Amino acid sequence: MKLTRPNWPLILLILALAAAKYFYQALVIGPFEIDQEFLASEAWNFLKLGKVSLIGAPTSSGNMYIGPFYTYFITLLMAMTKLNPHIINIVSAIWATITAISLYFIGTKLFSREVGIIAGILSAISISYLSLLNTPPLVVPLSLVSLLTFYTISQWGRNHHFFILSIILAAIALHLHFTGLYLSGFIIFWALITKFKLTKSDFLQTALILLFSLSPLIAFDLRHDFLNSRNFITFLLTTNSLQVILWSIGNSFNLALANLGALLNNFSSYNQLLGGLTLVAFSLYFVSRQPRSTDHKLLLSWLIFPIILSGFYTGDLLPYYYIFHQASIFLITGLLLEGIIRSSIGCTGFTTIILLYTLLNFNYHHSLTTDFSLRNKLAAFEFIKHHAGNTNINLSFTLEHARRGGLDFLRNYYGFNADIKPDLPTYTLVTPHGFNQIKADKTFGEIDI
């Protein structure tokens, strides 16, 4: 494989585009809801109450739990920033920006510089890709981990040590989201179909890595009558009907198509069509290409594997479950457009489209509401803090249930007690604006006081 020198102006362009998008989402319109509050509350419990959890977030899949290492990492960062709630979205913005840069390098090394350029730029300007407004903070870094796993798997045949790096990344994924299990499944699948030879040392190192990664969950299970293990086994045995599996695979495939399209445009009615056209085009490209490299076969398998495996999950599928497709679709698009941008006309056309899409991206973000953003929530709490001065007060909430996320942590962060004392003045935080026709003295977006 011929290595190419990095194109630093393009790298800086991808970095600037991705950072502008993600840090705007993180600092201006970023939410602070249930998912962010979980990480913040874990940090609070450790730093203020001395409570250390052996489990991470509960999943929406059979009431299982993931590992807690990422919560420990966020706790360390929040300790360094005095529990500033902004840090969770900022870290997510950093992961997402690094992912866009990684797509450039991986696309360039595995395929060509043109593929890397297309993949990196499209991921940086895509409206939907890793949007911090919709993607939970535990899922955002999973995209980077899965992309790096894809790359390390591609290097097995070139350097045996990359297998252990794949195992380490799969172990990290088990502390981010339950769909991180896909990585372990794919590693086994790829090792079997490629007949990758494993040594006794490989097996031993794999066992030690997984044992270390799962040690908090093992300790939790030993203390709680194997609760997590029993939930996992129950989850595996839930889907036992071929009809259910086929229906779930079909549902999974339809959602994958919609998700692929959503990465390239913001018009939901055309997402499935665009995703379908992209898959058909890549299939024709793959069939007609001779010879087909191992990296091309890996990319196609990486795209299809989660769709099939999701057939064994009968719950409601969410778009961010397809985090594995999201990086690969940019690589696929790069392969399809690779020959076009090598010509001056094609390069000019691609540049024009990129500029227009960047403008669309800017207009889209500018039109988004910030009514429930972390910035407005902090402004509301700051107003109460300064208005109350040194007076002890009660702080009560009158909320729609869906709008409660994040407020309990912020009440602790600002030092307000949850208990209501009848002899103290009471401030009531109401959301959404005008909820139950309650009149407000002060309004911050959709937050009334």
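Author: Axes are lines fitted to C-alpha atoms, for helices over the stretch in contact, and angles run from 0 to 180 degrees between N-to-C directions. This is a predicted model, where local features need pLDDT of at least 70 and side-chain atom pairs count only at pLDDT 80 or more. Residues are numbered from 1 along each chain as its sequence is written.

Reader: What makes α8 and α13 oblique to each other?

Author: Helix α8 (residues 181-193) and helix α13 (residues 294-309) pack at an angle of about 130°, with axes 11 Å apart. Under 35 degrees counts as roughly parallel, over 145 as roughly antiparallel, 65 to 115 as roughly perpendicular, and the rest as oblique. The pair is therefore oblique.

Reader: Which residues of α8 and α13 meet?

Author: Contact means heavy atoms within 4.5 Å. Y182, L183, G185, F186, F189 and W190 of α8 meet residues of α13, among them W302, F305 and P306.

Reader: Why are α2 and α3 called roughly perpendicular?

Author: Helix α2 (residues 34-49) and helix α3 (residues 69-80) pack at about 70°, with axes 9 Å apart. The range for the term is already given, so α2 and α3 are roughly perpendicular to each other.

Reader: What is the crossing of α2 and α3, left-handed or right-handed?

Author: A crossing is left-handed if the near helix is turned anticlockwise from the far one by less than a right angle, and right-handed if clockwise. α2 passes α3 in a right-handed crossing. The α2 side of the contact includes F38, L39 and F46, and the α3 side includes Y70, I74 and M78.

Notes. Side-chain values use heavy atoms; hydrogens and water are left out. Helices (H or I, at least four residues) and strands (E, at least two) are DSSP runs, numbered from the N terminus.
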